[in-house]
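Hi everyone, thanks for coming. Let's walk through one structure together, starting with a pocket and ending with some aromatic rings.

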Amino acid sequence: THASFDLPEPGQVTLKVFDLNGREVRVLANTWYPAGTHEVSWDARDAASKTLSAGIYFLQMKSGSFTDTKRMYLQK
């Protein structure tokens, strides 16, 4: 799975994946990005590299005062 995002100005970006119970399962990014369009990948694995089961997950992006969460469907 790929997630893309646009930054109007450079800044610290954190992208995390959560399960339906609100548990953090993976941090995809926690770094400084320049302004522009960027893309990150998720291989459907948790932080311990275990393959996750099919279901609904949430991708949360934080950058400065901006926070957004998107729902994702993982199919097997």
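Let me start with what surrounds the largest pocket: its lining divides into 5 nonpolar, 4 polar and 2 charged residues. In this count Ala, Val, Leu, Ile, Met, Phe, Trp, Tyr, Cys and Pro are nonpolar, Asp, Glu, Lys and Arg are charged, and the others, Gly among them, are polar.

A word on the source: this is a predicted model, where local features need pLDDT of at least 70, side-chain atom pairs count only at pLDDT 80 or more, and totals for chains, interfaces and linings use all residues. Residues are numbered from 1 along each chain as its sequence is written, and side-chain values use heavy atoms, with hydrogens and water left out.

Back to the pocket. Its lining includes Asp-6, Pro-8, Met-61 and Phe-66. Here a pocket is an open set of points on a 1 Å grid over the protein atoms alone, where a 1.4 Å probe fits, with protein on both sides within 12 Å along at least five of seven lines; lining residues have an atom within 4 Å of a point. Strands S1 (2-7), S2 (11-18) and S5 (55-63) each give at least two residues to that lining. Strands are DSSP runs of E, at least two residues long, numbered from the N terminus.

Now, in what order do the strands of the open sheet run? There are 4 of them, in the order S3-S2-S5-S6, with antiparallel pairing. Two strands pair if DSSP finds at least two bridges between them. At the edges sit S3 (24-33) and S6 (66-74), each pairing on one side only. S5 and S6 are joined in the antiparallel sense by 9 bridges, and Ser-63 stands opposite Phe-66 in S6.

Last topic: rings. How many aromatic pairs does a search of the whole structure find? It finds 2. Rings of Phe, Tyr and Trp (its six-membered ring) pair if their centres lie within 6.5 Å; planes under 30 degrees apart are stacked, over 60 edge-to-face, and the rest tilted. Phe-5 and Tyr-33 have ring centres 5.3 Å apart and planes at 90 degrees, so they are edge-to-face. Phe-5 lies in S1 and Tyr-33 in S3, 28 residues apart. Phe-5 is buried, at 7% relative accessible area; buried means under 20%, exposed over 50%, and partly exposed in between, with a 1.4 Å probe and protein chains only. Tyr-33 is buried too, at 14%.

Trp-42 and Tyr-57 form an edge-to-face pair, 5.7 Å centre to centre with 70 degrees between the planes.
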